[in-house]
Amino acid sequence: MNLLMLATGGTIGSAAGAGGIDADGSRTPLLLQLYRDRYADGVRFTVRQICAVLSENADDAFYARLLAALFAAESEPFDGVIVLHGTDTLPFTASLAAMACRHFTKPVCFVSSNHVLDLPQANGLLNLRAAVRYIEAGGAGFAVPFGQADGGCPIHLATRLLEADPFADAFSSAGAPLAECEKDEVVFVDSPDLPGRTALRRPLPALFSSPPRFAKRVVLLRCFPGMRPDASAFFADTAAVLLWGYHSGTAPQTLAPFIEQLQKRGVDVYLAPVKRAAAQYASTNVLLQSGARPLYALTAPAAYARLKLAYAQTAAAPESIAAQTLYYEEIPAHS
């Protein structure tokens with residue numbers, strides 16, 4: 001099997017030094033050596049170090065470089081792609097890549113590590129092995145394997161990955177994961193809430209013919225009690241604001257004047273996550289009546305990725321793309 005490895009830095013590509021843990025391009029050869037020492041499976045890796053940054057420093061320039069590398073890889077003779085990435089912004093990048101490259105026919109796995117590779121408790125090697133086994137087993141689409149303390153390794157759909165638990169340093173999915181890798185075997189999860197392997201192998205209509213450029217700013221505001229943002233403080237190139245609300249689909253209703261002020265400045269406002277329900281909370285209704293557009297049944301990182309792409313494309317009105325499910329990110333409702 002012939003795999004392309006795109007290295008971007010992150011903890012899996014970092015080492016501890018005098019200034020703290022920081023990205024170090026020499027870590028990728030170490031990861032491959034650890035893999036070959038443990039697994040004599042004949043997998044061939046072609047490595048491209050596209051950058052070396054900590055993922056908390058990811059920005060539009062980072063996304064542009066990664067997406068350019070992914071677009072180029074689609075026409076190359078690889079069986080799949082491994083993206084080495086940090087954990088802090090992994091749900092954002094994985095969602096963005098899956099939506100922007102939804103026309104791909106190759107599987108793409110995002111591989112990270114909870115600790116630097118020198119430490120015995122690091123799961124980076126386990127995550128890489130799970131990615132390889134997932135691709136070998138016929139796994140498709142955009143996926144994120146991440147090992148747990150018990151030795152198991154769930155493999156998550158990229159657009160349903162939740163942010164990591166800051167205390168256990170573990171990821172989970174909104175809903176069930178795509179698969180589990182245990183004892184070096186991949187078992188696919190059979191759930192009507194998930195796209196099956198056949199669906200994931202089927203390319204979706206392309207959103208972009210070339211890697212997107214993010215000329216318009218999308219701002220993410222996480223809601224908190226007593227927040228009082230100032231609409232006049234936003235940059236002139238801000239096209240949209242996403243309010244990251246609470247689990248009930250709510251946000252402070254005192255944000256209504258802020259929403260109205262942004263709209264007067266030509267800035268669109270969205271709220272996520274919002275549940276598809278016959279009745280919303282009164283606070284949610286106030287915000288929707290003020291002009292906030294609801295993004296239903298998806299995580300905030302997936303909502304942010306969708307908006308960035310909606311405002312980067314020019315083929316349709318951004319709000320029409322923002323209302324669409326781009327890569328299986330909407331979580332089905334349960335009674």
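**Cysteines and a packed helix**

Author: Happy to! The sulfur of cysteine 101 lies 14 Å from the closest cysteine sulfur, that of cysteine 109, which is too far for a bond. Keep in mind that this is a predicted model. A disulfide is a covalent bond between the sulfur atoms of two cysteines. Searching the whole structure turns up zero disulfides. Cysteine 101 is buried, at 0% relative accessibility, and cysteine 223 is buried too, with a relative accessible area of 7%.

Now for the helix. Helix α1 covers residues 27-38, 12 residues in total. From its first C-alpha to its last it reaches 17 Å, close to the 16 Å expected at 1.5 Å a residue. Its buried residues are Arg27, Thr28, Leu31, Leu32 and Tyr35. Seen down the axis of α1, they fall within an arc of 145°, so they line one face of the helix. An α-helix has 3.6 residues a turn, so residues three or four places apart point the same way. On the other side of α1, Pro29 and Asp37 are exposed. Among the elements covering the buried residues of α1 are strands β1 (2-9) and β4 (44-53), along with helix α4 (124-136).

One more buried spot is worth a visit. Threonine 159 sits in the loop between β8 (153-157) and β9 (179-182), and its relative accessible area is 0%. Its side chain reaches the backbone oxygen of tyrosine 327 at 2.7 Å. Beyond its neighbours within four places in sequence, threonine 159 is in contact with residues including Ser95, Met99, Thr299 and Tyr328.

Methods: Residues are numbered from 1 along each chain as its sequence is written. This is a predicted model: local features need pLDDT of at least 70, side-chain atom pairs count only at pLDDT 80 or more; totals for chains, interfaces and linings use all residues. Side-chain values use heavy atoms; hydrogens and water are left out. Helices (H or I, at least four residues) and strands (E, at least two) are DSSP runs, numbered from the N terminus. The expected span of a helix is 1.5 Å times one less than its number of residues. Buried means under 20% relative accessible area, exposed over 50%, partly exposed in between (1.4 Å probe, protein chains only). The arc is that of the directions from the helix axis to the C-beta atoms. Contact means heavy atoms within 4.5 Å. A disulfide is a pair of cysteine sulfur atoms within 2.5 Å. A polar contact is a pair of N or O atoms within 3.5 Å; within protein, one must be able to donate a hydrogen and the other to accept it, and residues adjacent in sequence count only if both atoms are side-chain atoms.
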